[in-house]
Amino acid sequence: MTDGGLQEMGIEAPPPPPPAPAIRALSCPGCGGSISVRAAGYTVTVACQYCGSILDVANPEVRLLTEYHLAIQELEIPLGTRGTLRGIEWEVIGYLSRSERGSYPWEEYLLFNPYQGYRWLVTNGRGWSFGEMLTRAPDWGHHGPRLDGHDYAPFFVDGQAQVDYVLGEFYWRVAVGEEVSTDDYVRPGYMLSREANEQEVSWTLSTLLDGDEIRRAFGVRPPSNPWPPLPHQPSPYRDVMRKGGKIGLAVLAFLLLLTMVMGSGGQPLLTETLPVDLAGTTRTATLGPITVTRPYQLVAIRAQVPGLENGWIDLDYALVDRATQASYQAYGAAERYSGRDSDGDWTEGSRRKTVKLASVPAGTYDLVIDYAGNGWRDFSRPYANSQTGGSVIIEVSRAAAFPSNLILAVILILAPLVYFFFRHLSFEQARQDESDIGRTGLAKLFTSEDDD
Amino acid sequence: MDRRTFLYGLWSLATAGLFVTSTIYAYSPFADGGRVAPRAGVYGPTHK
Amino acid sequence: MQKVSCPNCGAEVSFRSPALPSRVCDYCRTILVRSGGGIEAVGKAAVLPFDVSPIGIGTRGTFDGRGFDVVGRVRWGWTDGSWNEWLLLFGDGSDAWLGEAMGQFMLTEERAIGDVQGDEGIRRLILGGRVMIGTRVRIDDETYVVSDARDATCIAAEGELPFSPRPGWTIHSVDFRSVSGRCASLQREETLSSFYQGRYVTLDELVPRNLRPIEGWPMPAYGG
């Protein structure tokens with residue numbers, strides 16, 4: 001601070017300026033109503049709040065420009081209402097009803113604070129935005145304007161906006177019927193609007209207010225989920241797509257890592273060869289001991305019948321704990337068929353079958369197998385002879401983890417993201433369908449041909 | 001973080017938790033077999 | 001600081017800047033001019049119309065690290081409104097104008113018109129021509145757009161000023177703005193032009209103190 005410089009010149013701190021009243025009072029030359037000018041010194045035009053007459057208040061003597069005796073429209077936020085938005089108090093001093101040459105009407109409330117200047121509250125009935133006129137023009141980016149490092153996408157182009165109705169005070173000569181050409185550009189949460197006439201170009205940056213914000217400030221309640229979405233309404237799925245996507249990826253990476261750390265299964269705990277035939281009689285074999293040491297493990301039992309042809313082997317397993325007689329049971333079948341038809345040779349089934357037993361505690365076990373072989377007995381088809389090769393090889397091992405568990409986890413983690421993605425897409429499509437430009441980006445990519 | 005993201009985070013954690021638990025207990029809903037509850041009643045041969 | 005008695009009403013008036021020759025008496029609105037060692041009354045300024053500007057004589061602030069005091073004001077009017085030009089006096093004795101219109105602030109400092117590298121449009125203006133609003137011009141190496149061009153009349157004035165603010169004094173005023181928020185203004189009286197250049201500022205960035213209290217409005221935290 002260089003107050004010192006001023007003091008060196010012998011300039012002491014001056015007394016503060018005397019306080020000023022906030023309002024210039026005048027009476028309407030049209031209807032005699034008393035009007036409070038709230039932005040005295042700035043206000044040029046007043047539309048009388050009682051009769052709608054347009055007054056010129058630029059000079060100390062008030063002039064009646066256009067006399068009206070209108071039924072005054074009731075405003076959602078009455079003139080003179082004060083509200084605090086983002087920490088700053090504002091007073092509603094003017095109201096404009098505008099439209100795109102008679103259609104798509106919207107409303108604009110002029111806000112004033114003597115220390116902050118002017119702002120706008122804009123609504124189309126589905127949401128409210130808070131606008132500030134810029135003192136600089138945006139740069140031009142790839143597809144639209146660029147302001148403060150953010151790109152804006154064109155949304156409404158080459159519009160013609162007209163003023164349909166005015167009430168209150170304004171800092172320029174406002175007139176019903178006044179037209180400007182408009183272009184609107186958006187990014188999520190923000191709209192950048194260009195208004196131009198022959199004389200000047202102005203840019204306004206509007207911020208979408210959430211329902212709570214505008215309700216707390218001015219007591220109006222916008223619809224909570226406007227549909228179709230507003231041009232600059234951020235997709236409610238944006239956050240979950242970004243952060244949720246990261247969470248999902250991190251969890252998936254963790255699960256994969258865990259699966260890898262758990263390692264593969266070890267050496268076979270037991271391998272035995274049992275005799276088998278296709279007579280259909282059940283044989284029983286008891287193999288063991290099998291000792292497993294982890295608190296809980298997955299035990300895989302693989303049956304392999306190398307010579308099996310046109311037959312099946314049913315295998316009933318029971319893994320019985322020698323100490324507790326607790327039994328872990330499963331059923332498997334190895335089956336193999338082959339033949340020849342109009343398409344040529346075919347085979348079906350597998351000579352090998354692995355079954356997995358879950359949650360087997362540490363202990364010493366016997367494996368009891370009831371098994372029986374059967375030949376294919378459909379004599380209407382000229383199959384080759386059924387055969388087994390005579391032996392079934394049983395191999396017991398400790399398996400690492402269920403791949404099915406991992407696949408299930410991946411599906412459970414991805415499914416909501418896929419769902420959110422499609423909800424996001426339909427939100428974006430509905431939003432962009434309101435635009436003069438139509439769908440762009442993903443919303444366009446995922447548009448089917450008959451979908452309009 | 002919005003509510004939807006928070007719920008999704010919870011969902012992911014729960015899924016991961018279930019996965020870890022099932023890995024520790026070597027459990028899977030897709031296993032071919034598992035513990036069979038011992039039958040109540042008389043053990044041993046039941047023929048006369 | 002030089003203190004003298006108003007030759008019209010006898011009230012004490014002070015000249016805070018040695019460089020500014022004119023002063024409007026706070027009590028009787030007589031326009032005083034320092035000439036040689038004496039004080040001369042050259043006319044009377046009109047009463048300022050009421051406005052709710054947050055600035056007043058005595059407001060202090062900082063611009064680009066340099067402290068200033070608001071020491072004077074001219075209110076200009078044109079067919080469709082009026083605006084304030086506040087005179088800022090810096091610690092080094094230099095001055096600048098803080099233009100206040102439509103709730104926005106433009107801070108400009110005078111540049112010698114001979115130093116301005118202007119294009120054809122600027123040269124035409126200096127020679128007494130007119131430009132259309134929206135015309136693009138080059139000033140030094142930047143493109144500006146004419147944002148306003150109008151005849152402005154001095155409505156009223158107060159405080160210390162670099163000229164005598166005779167009521168009814170009319171100039172041609174042209175405002176320029178660039179896409180980056182820089183701005184400039186050319187003011188021409190008959191064939192004499194002066195050129196001012198600067199940028200748009202917000203009240204907050206000037207960290208003003210001694211702002212004018214306005215009834216019913218909370219003063220910003222910095223402004224008291």
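These notebook entries record what I looked up in a predicted model with chains A, B and C.

**Entry 1. Chain A as a whole**

I began with the overall make-up of chain A. I noted five helices and 24 strands in this chain. Its radius of gyration is 41 Å, well over the 22 Å that the globule rule gives for 452 residues, so chain A is more spread out than a compact globule. I then looked up the extent of the C-alpha trace of chain A, which spans about 120 × 65 × 40 Å along its principal axes. Of the 452 residues in chain A, 31% are buried. I also recorded how far apart in sequence the contacting residues lie. Among contacts in chain A with a separation of 6 or more, 61% are between residues 24 or more positions apart.

**Entry 2. A helix of chain B against chain A**

I turned next to helix α1 of chain B, residues 3-24. This helix has 22 residues and reaches 31 Å from its first C-alpha to its last, close to the 32 Å expected at 1.5 Å a residue. Which residues of α1(B) are buried? I listed Thr5(B), Tyr8(B), Ser12(B), Thr15(B), Phe19(B) and Thr23(B). Seen down the axis of α1(B), these buried residues fall within an arc of 85 degrees, so they line one face of the helix. The general rule for such a pattern is that an α-helix has 3.6 residues a turn, so residues three or four places apart point the same way.

I then asked what the buried residues of α1(B) pack against. The partners are two helices of chain A, α3 (238-262) and α4 (403-432). On the other side of α1(B), I found Arg3(B), Leu10(B), Leu13(B), Ala14(B), Gly17(B) and Thr21(B) exposed. Just after the helix, Ala26(B) takes a positive phi of about 50 degrees.

**Entry 3. The contact between chains A and C**

How many residues does each chain bring to this contact? I recorded 40 residues from chain A and 46 residues from chain C. On the side of chain A that touches chain C, the elements that give two or more residues are α1 (3-8) and β9 (117-123) of chain A. Of these, α1(A) gives the most, with five residues. I noted that this side of chain A divides into 23 nonpolar, nine polar and eight charged residues.

**Entry 4. A three-stranded sheet in chain A**

I looked up an open sheet of three strands in chain A, in the order β11-β12-β13, with antiparallel pairing. Strands β11 (139-140) and β13 (150-151) of chain A stand at the edges, each with a single partner strand, so one side of each is left without a neighbour in the sheet. Two bridges join β12 (residues 145-147) of chain A to β13(A). I noted one pair by name: Arg146(A) has Asp151(A) in β13(A) as its bridge partner.

**Entry 5. Cis peptide bonds in chain A**

I recorded a cis peptide bond between Trp227(A) and Pro228(A), with omega about 0 degrees. Where does Pro228(A) lie? It is in the loop between α2 (211-218) and α3 of chain A. I recorded another cis peptide bond between Gly288(A) and Pro289(A), where omega is again about 0 degrees. Pro289(A) belongs to strand β19 (residues 283-304) of chain A.

Is Ser359(A) buried or partly exposed? I counted it as partly exposed, because 19 other C-beta atoms lie within 10 Å and a buried residue needs 20 or more.

Asp140(C) is placed in the loop between β11 (136-139) and β12 (142-161) of chain C. With 12 C-beta neighbours inside 10 Å, Asp140(C) counts as exposed.

**Entry 6. A hairpin in chain C**

My last entry concerns β6 (residues 60-63) and β7 (residues 66-78) of chain C, which run antiparallel and are joined by four bridges. The bridge partner of Phe63(C) is Arg66(C) in β7(C). The hairpin has two residues between the strands, and within this hairpin Asp64(C) takes a positive phi near 50 degrees.

Terms used:
Residues are numbered from 1 along each chain as its sequence is written. Chains are lettered from A and ligands numbered from 1 in the order in which they are written. This is a predicted model: local features need pLDDT of at least 70, side-chain atom pairs count only at pLDDT 80 or more; totals for chains, interfaces and linings use all residues. The expected span of a helix is 1.5 Å times one less than its number of residues. The arc is that of the directions from the helix axis to the C-beta atoms. Two residues are in contact if their C-beta atoms, placed from the backbone, lie within 7 Å. Two strands pair if DSSP finds at least two bridges between them. Ala, Val, Leu, Ile, Met, Phe, Trp, Tyr, Cys and Pro count as nonpolar, Asp, Glu, Lys and Arg as charged, and the others, Gly among them, as polar. The radius of gyration is taken over C-alpha atoms; the globule rule is 2.2 Å times the number of residues to the power 0.38.
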